[in-house]
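Subject: Structure for your review

Dear colleague,

Please find the structure below, followed by an account of what was found in it.

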Amino acid sequence: MFIHCCFVLWNWVPKLWRSDAIAVLLVYHFFFLNLLASFFQCVITDPGMVPPNWGFYMGDETKRRRYCKMCNVWKPDRTHHCSVCNRCILNMDHHCPWINNCVGFYNRKFFIQLLVYVYLSLGVVVTTTPWEMLCRVMILWRGMWAKGQTPSDAMFVASTCLLGLAFSLSVCLVCTLTNFIRFHVRLVVDNYTTIENLEREEKAKSKFDIGRRRNMEQVFGSSHLLWWLPLHTQASRPVGDGVRWRVQYTRLDDEEELEAD
């Protein structure tokens, strides 16, 4: 929020009479509002719970091999018990303290969207702020603190320092998030969770890998045009139920998938 206020109030609001300022603010706020919506959805969306009585009446005994003694439920594939939430989570990725919720089957999409929209918002800040900072530094360099100093001069210096701090924080966060986002997107593409990734052997493929496109559809939904939308609709909700999973022996290559469709 500090970066947002500095970027908007001291960088672009004074230039609202310019068309480029309006264009930048429109793009930035599209990303920022989706960031807020994604964060809200991460917090309020239940990541997924094991259906009542699941596993007790199934003919395949192999699906009963995992039992949670704390929840007293059979655990489907990819389900794990969260000690923080004190319950079993479908397709549990990890527990995130920043959203005070687990990232699981039904809100993993929103978590990835949150990361992406934070990154894009920071990207706008990092790419559009340097010119403003350069202009401000040049003004100060030319003798802002000469004789006849006024309160407005002090406000200019204070806003410049805060804007510089916001810019520096943005650069640090972009550098930090780059590999973090790359890691989580790669997990989605390979159909792994963070927990499963800790146990994977080097270069091993997930047994749930059914092709990159369908792997992503299990997180973002069947409609590619709605992958950006931080909302569950019939076409943008995750494909599947988080309980039953197709395994690798049914995987098709992306080219075969496209031909079949």
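In which loop does asparagine 91 lie? Asparagine 91 lies in the loop between β4 and β5, where helices (H or I, at least four residues) and strands (E, at least two) are DSSP runs, numbered from the N terminus.

Please note the basis of what follows. This is a predicted model, in which local features need pLDDT of at least 70 and side-chain atom pairs count only at pLDDT 80 or more, while totals for chains, interfaces and linings use all residues. Residues are numbered from 1 along each chain as its sequence is written, and side-chain values use heavy atoms, with hydrogens and water left out.

Overall architecture

The protein chain has 7 helices and 6 strands, and its pattern along the sequence reads α-α-β-β-β-β-β-β-α-α-α-α-α. Of its 261 residues, 44% are buried; buried means under 20% relative accessible area, exposed over 50%, and partly exposed in between (1.4 Å probe, protein chains only).

Most residues other than glycine have a negative phi. Asparagine 91, however, has a positive phi near 50°, and it is buried, with a relative accessible area of 4%. Asparagine 86 also has a positive phi, near 60°. It is found in the loop between β3 (80-82) and β4 (87-89) and counts as exposed because its relative accessibility is 54%.

Salt bridges

The structure holds 7 salt bridges, each defined as a side-chain nitrogen of Lys or Arg within 4 Å of a carboxyl oxygen of Asp or Glu. Three of them are described here.

- Arginine 87 and aspartate 46 meet through their side chains at 3.0 Å, N to O. Arginine 87 lies in strand β4 and aspartate 46 in the loop between α2 and β1 (67-68), so the pair ties together parts that are 41 residues apart in sequence. Arginine 87 is partly exposed at 23% relative accessibility, as is aspartate 46 at 35%.
- Arginine 108 and aspartate 93 form a salt bridge whose closest N and O atoms are 3.4 Å apart. This pair links distant parts of the chain, 15 residues apart, with arginine 108 in helix α3 and aspartate 93 in the loop between β4 and β5. Arginine 108 counts as buried at 3% relative accessibility, and aspartate 93 counts as buried at 1%.
- Glutamate 217 and arginine 213 are joined by a salt bridge of 3.8 Å, N to O. They are 4 residues apart in helix α6 and are therefore separated by about one helical turn.

Helix α6

Helix α6 (residues 212-220) is largely enclosed by the rest of the structure, because 8 of its 9 residues are buried. Among them are Arg213 and Glu217, along with Asn215, Gln218 and Val219. The helix is followed by glycine 221, whose phi is positive, near 110°.

Pockets and cavities

The search used a 1 Å grid over the protein atoms alone: a cavity is a set of points where a 1.4 Å probe fits but cannot get out, a pocket is an open set with protein on both sides within 12 Å along at least five of seven lines, and lining residues have an atom within 4 Å of a point. Grid points are joined across faces, edges and corners, and a volume is the space filled by probe spheres set on the points.

The largest pocket holds about 770 Å³ of space. Its lining comprises 24 residues, with Leu35, Leu114, Val118, Leu173 and Leu177 nearest the centre. Helix α3 supplies the largest share of this lining, 7 residues. By class, the lining has 20 nonpolar, 4 polar and no charged residues; Ala, Val, Leu, Ile, Met, Phe, Trp, Tyr, Cys and Pro count as nonpolar, Asp, Glu, Lys and Arg as charged, and the others, Gly among them, as polar.

The second largest pocket has a volume of about 270 Å³. Of its 14 lining residues, Arg78, Glu196, Glu199, Lys207 and Phe208 are the closest to its centre. Its lining has 3 nonpolar, 2 polar and 9 charged residues.

There are 2 cavities of 30 Å³ or more in the whole structure. The second largest cavity contains about 40 Å³ of space, and its lining includes Asn91, Arg108 and Trp245. Helix α6 contributes the largest share of that lining, 3 residues.

Yours sincerely
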